[in-house]
Amino acid sequence: MPRYKILLEYEGTNYHGWQVQNGEVTVQQELEKALSTALRTRTGVVGSGRTDAGVHARGQVAHFDGDGSVDLPRLSHSLNGLLPNDIAVVSVQRAHDAFHARYDAVSRRYRYYVTLRPTAFERPFRSLAHTSTDFDLMNDAATTLVTTTDFSSFCRTQSETKNRICSVSRAVWVSESVDGFHYFEIVADRFLHGMVRAIVGTLLEIGRGLRSASDLETVLATRDRPAAGPAAPACGLVLEEVTYPDHVMLDPSRDRPE
């Protein structure tokens, strides 16, 4: 059966994360409902990974199976008419039949946005950080994260994930053009449950002088979640991009119905 790749974005404020959960409103649930209506058959989707309650996405990816007669531009238009306004489908493309949104991903890029001053318009997407936060010090500490190692210290204690080895290729704080606005960007092959928010919370403690930059290496080595800082609020976290090898997509001409 033909497989399709969906690129979507969402504001996660009103959702209990990505994954379907009994009694909770989730992004996956809303997408499956809209797809099932548009295709007139019950349709499930598989996402590139979970996002927690309140976390946003600009580049979430999912796949679903359908028949070969799907009119992709029309489907994209229909989905955006059926979905709530805080979820938007950016594109629907034909993928190779074995494409898997989660297992074929080669990297994921997150950004955590903070502000040093109160802001009304950016409030749903930024966490308020202390005005004395030292971003240079946090950047010095963040170099420790660029490695391949066990990140158990930044994984939720109730997580059932056995393999906690991640390869982080980028971890840096960036100052934006608007005064007081900053973001932390991190890229890795995979992320553990709650990993980015735990890392950011620990770095912010370093930035405020509550722990030394050298502590981060010790925290990693302990492989114990209580050794790290508190999780930063969900509102500042955005899944920006999930990348895949080029070969997982078919020729763009195949996106048109035959």
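**View 1. Helix α4 and the lining of the largest pocket.** In this predicted model, α4 gives the largest share of the lining of the largest pocket, three residues. Helices here are DSSP runs of H or I with at least four residues, strands are E runs of at least two, and both are numbered from the N terminus. At least two lining residues each come from β2 (46-47), β5 (107-115), α4 (195-207) and β10 (237-243).

**View 2. The centre of the largest pocket.** Of the 32 residues that line this pocket, Gly49, Arg50, Arg102, Phe191 and His193 sit nearest its centre. A pocket is an open set of points on a 1 Å grid over the protein atoms alone, where a 1.4 Å probe fits and protein lies on both sides within 12 Å along at least five of seven lines; lining residues have an atom within 4 Å of a point. The space inside comes to about 940 Å³, counted as what probe spheres set on the points fill, with points joined across faces, edges and corners.

**View 3. The second largest pocket.** This one holds about 310 Å³ of space. Its lining has 14 residues, with Ala38, Leu39, Val70, Asp71 and Leu75 nearest the centre. Two or more of the lining residues come from each of α1 (27-39) and α2 (72-82), and α2 gives the most, three.

**Notes for the views.** Residue numbers start from 1 along each chain as its sequence is written. Local features need pLDDT of at least 70 and side-chain atom pairs count only at pLDDT 80 or more, while totals for chains, interfaces and linings use all residues, and side-chain values use heavy atoms, leaving out hydrogens and water.
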